[in-house]
Amino acid sequence: MKKAISVLMIAACMLCMVTACEKKDKKENDTSAAQATETDCTAAERVTTEPEGEITISEMIDQRIKEEGKIMIYRMHFGPSKTPLEITEDSNVNIISYDGKELIDYGNSSNLRGKTRLGDIIHNKVDYSTYNIGAYGASWKWHDTKYGYEKYTAEERYVQREITTDDSGNNTQMETLYMYSKGTLYTREEGSEVWNQTEKEDSLDIVSFGTFERIKLDGKTYMTFCVRDNLNLIEYDIIPDNKFTENKTVVYDTPGTEGTTVNTVDYLKEYQAVTQEELEQMIVFPGSKKAESSQAAD
C-alpha cells in the first residue's frame with residue numbers, strides 16, 4: 001500500500017511542477033474562458049510588515065468555517081530544484097476546501113491535470129459550474145506491469161486534525177489535516193481478469209502547516225505554508241487572508257489541545273517543514289538580490 005501511494009505521489013507531484021512565468025505560446029491548457037483574451041503574470045511579493053498579533057491554526061480554521069462555511073486552500077507541488085521559483089498569478093494550483101468534516105477537491109475540467117490558474121481565482125474568473133467537484137481522495141488507481149493492478153475505493157472517510165511535536169514532546173512543530181478512509185481494495189495479477197476484494201483502511205496527510213509566511217498578489221494578502229514530504233518534494237499551500245487573519249502571524253496550537261492528537265517524533269522525520277532560509281533560496285520575490293541576478297542572467 002505504501003509503495004502504491006508513493007508511486008502515485010511521485011507521478012502527481014512530477015506532473016505538478018511549478019514554473020515561472022512563461023510566454024503565452026508555451027502556456028498550458030487554458031483554465032477559463034477569460035484566459036483566451038487576458039493573461040496576467042504579476043509576481044507575488046513577500047509581506048514584511050510587523051504582525052499585530054497571533055492566531056493558532058485551529059483558530060484560523062474554525063473562524064473561517066464558522067463565518068464562510070469552509071476554508072479554501074490552493075496547492076502547488078514541486079520537486080527539488082536548484083532553479084529559483086517565482087509564485088505568480090500565472091501559476092497553476094489545485095483547489096481544495098475543508099468544512100470541518102470533509103475535504104472537497106475542485107477539478108478543472110478544462111485542464112488535463114485539473115489545475116486552475118491562480119490569477120483566475122484572485123480575479124474571480126473561475127466558473128465552478130464546469131468543475132468536477134467531489135470528495136478528496138475518494139479512490140485511487142495504481143498500475144505496475146510487474147505486479148499487476150491495484151485500485152482502492154473509499155466508502156467511509158473522515159478528517160482529523162493532528163499536531164506533531166519536537167523531541168521534548170512540549171513544542172509543536174506542525175499541524176496537519178489528516179484523512180482516514182475505509183473501503184475496498186481491488187487487486188489482480190497481470191494478465192488476469194479476476195479481481196480480488198479486501199477490506200482496507202487508508203490514511204493520508206492532506207494539508208500540513210509548515211513554514212509560514214505571508215504574500216501579496218494584486219493588493220490581496222495570503223497566508224502560505226511550505227513543507228517537504230518524505231519523497232523530498234515540496235508542497236506549497238496558499239490560503240486567502242480575511243479580516244480576522246490579515247494582520248496576524250500564524251502559530252501552532254499547544255500539545256494536548258482538545259480535539260487534536262499529538263503524534264510522535266517519528267512522523268516528523270518523514271514530513272518536515274522547510275526552513276525559512278531554504279524557502280528564501282527556492283522562491284524569487286520582486287526586488288530581491290536573487291531576482292536582480294536572475295534578470296541580469298537573462
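Predicted model: local features only at pLDDT ≥ 70, side-chain atom pairs only at ≥ 80, totals over all residues.
**The chain as a whole**

- The protein chain has six helices and 17 strands; these are DSSP runs numbered from the N terminus, with helices (H or I) of at least four residues and strands (E) of at least two.
- Of the 298 residues in the protein chain, 45% are buried, where buried means under 20% relative accessible area, exposed means over 50%, and partly exposed lies in between (1.4 Å probe, protein chains only).
- Among contacts (heavy atoms within 4.5 Å) between residues at least 6 apart in sequence, 70% join residues at least 24 apart.
- The chain exposes about 15,800 Å², and carbon and sulfur atoms supply 47% of that area; accessible areas come from the Shrake-Rupley method with a 1.4 Å probe, and for residues only the protein chains shown count as cover.

- Thr 245 is found in the loop between E14 and E15, and at 0% relative accessibility it counts as buried.
- Not counting residues up to four places away in sequence, Thr 245 touches Ile 55, Met 60, Arg 64, Arg 214 and Met 223.
- Met 60 and Arg 64 are among the buried residues of H2, along with Ile 57, Ser 58, Ile 61, Gln 63 and Ile 65.
- An α-helix has 3.6 residues a turn, so residues three or four places apart point the same way.
- Helix H2 (residues 57–68) has twelve residues and reaches 16 Å from its first C-alpha to its last, close to the 16 Å expected at 1.5 Å a residue; the expected span is 1.5 Å times one less than the number of residues.
- Just after H2, Gly 69 takes a positive phi of about 85°.

**Salt bridges**

- A search of the whole structure finds ten salt bridges, each being a side-chain nitrogen of Lys or Arg within 4 Å of a carboxyl oxygen of Asp or Glu.
- Arg 75 and Asp 237 form one of them, at 3.0 Å from N to O. Arg 75 lies in strand E3 (residues 71–78) and Asp 237 in strand E14 (residues 234–240), so this pair ties together parts that are 162 residues apart in sequence.
- Both partners are buried: Arg 75 has a relative accessible area of 4%, and Asp 237 has 0%.
- Another salt bridge joins Asp 120 and Arg 117 at 3.0 Å, N to O. Asp 120 is buried at 1% relative accessible area, and Arg 117 is buried at 2%.
- Arg 188 and Glu 193 also meet in a salt bridge, with 3.9 Å from N to O. Here Arg 188 counts as buried at 17% relative accessibility, whereas Glu 193 counts as exposed at 66%.
- Through shared partners, salt bridges join Arg 75, Glu 235 and Asp 237 into one network.

**Nonpolar cores**

- The largest nonpolar core has 28 residues, of which Tyr 74, Tyr 236, Ile 238 and Met 282 touch the most other members. Such a core is a set of buried Ala, Val, Leu, Ile, Met, Phe, Trp, Tyr and Cys residues joined through side-chain atoms within 4.5 Å.
- Elements giving two or more residues to this core include E3, E14, helix H3 (118–122) and helix H5 (276–282). E3 provides the largest share, four residues.
- A second, separate core of 22 residues includes Tyr 98, Phe 212, Ile 239 and Val 250.

**Two partly exposed residues**

- Pro 255 sits in the loop between strand E15 (248–251) and strand E16 (261–263), and it is partly exposed at 27% relative accessibility.
- Leaving aside neighbours within four places in sequence, the contacts of Pro 255 include Ile 163, Gly 169 and Val 262.
- Thr 153 belongs to strand E9 (residues 148–165) and is partly exposed, with a relative accessible area of 32%.
- The C-alpha atoms of Thr 153 and Tyr 186, 33 residues apart along the chain, are separated by 8.2 Å.

Notes: Residues numbered from 1 in each chain as written. Heavy atoms only, no water.
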